[in-house]
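My notes are below, in the order I looked things up.

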Amino acid sequence: MFKLGIDKILGDSMSPNIKDGNYVIFFSSKRMKIIPNKVYRLSHPQFGSIIKRLSYEDADGNFWFKGDSHDSTSLKKIGAIAKGQINGRIWFSIDSESGITFP
Amino acid sequence: MLYKILNSIDKKFTFNVSQAHCDIPCKIYDPIEIQVAVLTIIRTTDLLLELNDKETKTPNDNAQFSRLVAQKEEHGIKVKESVRVIWGDYFKAPQLEKFPETHELVHKIMLTTSKAKQNIDKDVSLELLSLVNRFAEIFWDTKGINVYKAKCPYPPALEVVYPDLKES
């Protein structure tokens, strides 16, 4: 089933592409492709609902994410993410000044 | 325009929030908050023991007893939280190599704090102070700052390790 949603972003780890206070439109579907360099919405056991950019998929089928900012929580700290924890792909972001941007 | 519309909808209905976490190393670490929390545990333990010695207790005494227990509990949580932050975020390989006892010391602090929370035991809370004083000594040494011991200028007036910041 195709699903569309809106989230408000808190934090600057995806800055400058997605800034603190931006709104993001995300979508998900059963056939959603998980592609490196795209930004996804994850359900993390420690951090809750987070958005991060996919870095790579390892040999065991786990996904490794990181933020765009140098200050972002590190890839290692986020840890391996299973496919089932990825619940959306960020389509575009809405900023108060620059309007719509595609991260 | 679109942002403004979403913002006003958000104010009315509140969208879900997704975090974009940062790990900015703020570098502000100081074990004094741990030491003060332990001194508070000792002080509340003293006051609880004093109350316990009263033969007849008024409703106010009972209320005071509850408040003191709550304070002791709260400061025990503070000790654990603050020690965890310094140990987990500040201590890295060079500090741990210099002071290999750190892991064991931190574990002892955790266990002794639990004991101090569970009991009204002056000896346990004093043992906890000596452990966090050692933790402070190690912390300041890793920063190349000398320490000295002095009695804190308020109850329970016990010896605390302070950094000698004038020298550095």
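These entries go from ground rules to chain B overall, then to the backbone and the rings.

**Ground rules.** This is a predicted model, so I kept local features only at pLDDT of at least 70 and side-chain atom pairs only at pLDDT 80 or more, while totals for chains, interfaces and linings use all residues. Residues are numbered from 1 along each chain as its sequence is written, chains are lettered from A and ligands numbered from 1 in the order written, and side-chain values use heavy atoms, leaving out hydrogens and water.

**Chain B, overall.** I counted six helices and three strands in chain B. My helices (H or I, at least four residues) and strands (E, at least two) are DSSP runs, numbered from the N terminus. The order along the sequence is α-β-α-α-α-α-α-β-β. Of the 168 residues in chain B, 38% are buried; I call a residue buried under 20% relative accessible area, exposed over 50% and partly exposed in between, with a 1.4 Å probe and protein chains only. I also looked at contacts, meaning heavy atoms within 4.5 Å. For chain B, 64% of the contacts between residues at least 6 apart in sequence join residues at least 24 apart. Chain B exposes about 10,200 Å², and carbon and sulfur atoms supply 54% of that. Those areas come from the Shrake-Rupley method with a 1.4 Å probe.

**Helix α2 of chain B.** Residues 32-53 form this helix of 22 residues, and it reaches 32 Å from first C-alpha to last, close to the 32 Å expected at 1.5 Å a residue. The expected span is 1.5 Å times one less than the number of residues. Its buried residues include I34(B), V38(B), I41(B), T45(B) and L48(B). What do the buried residues of α2(B) pack against? I found α3 (59-90), α5 (102-118), α6 (122-142) and β3 of chain B.

S15(A) and P16(A) are joined by a cis peptide bond with omega about 10°, and P16(A) sits in the loop between β1 (3-10) and β2 (23-28) of chain A. P155(B) to P156(B) is also cis, omega near 15°, with P156(B) in the loop between β2 (147-151) and β3 (159-163) of chain B.

N37(A) is not a glycine, yet its phi is positive at about 75°. N37(A) belongs to the loop between β2 and β3 (39-44) of chain A and is exposed at 55% relative accessible area. T14(B) has a positive phi too, near 60°; T14(B) is in the loop between α1 (2-13) and β1 (16-19) of chain B and is exposed at 58%.

**Rings.** I get 13 aromatic pairs over all chains. Rings of Phe, Tyr and Trp (its six-membered ring) pair if their centres lie within 6.5 Å; planes under 30 degrees apart are stacked, over 60 edge-to-face, the rest tilted. Y40(A) and F65(A) are edge-to-face, 6.1 Å centre to centre with 75° between the planes. Y40(A) is in strand β3 and F65(A) in strand β5 (residues 63-66) of chain A, 25 residues apart. Both Y40(A) and F65(A) are buried.

F91(B) and F135(B) make a tilted pair, 5.9 Å centre to centre and 40° between the planes. F91(B) lies in the loop between α3 and α4 (93-98) and F135(B) in helix α6, so the pair ties together parts of chain B that are 44 residues apart in sequence. F91(B) and F135(B) are both buried.
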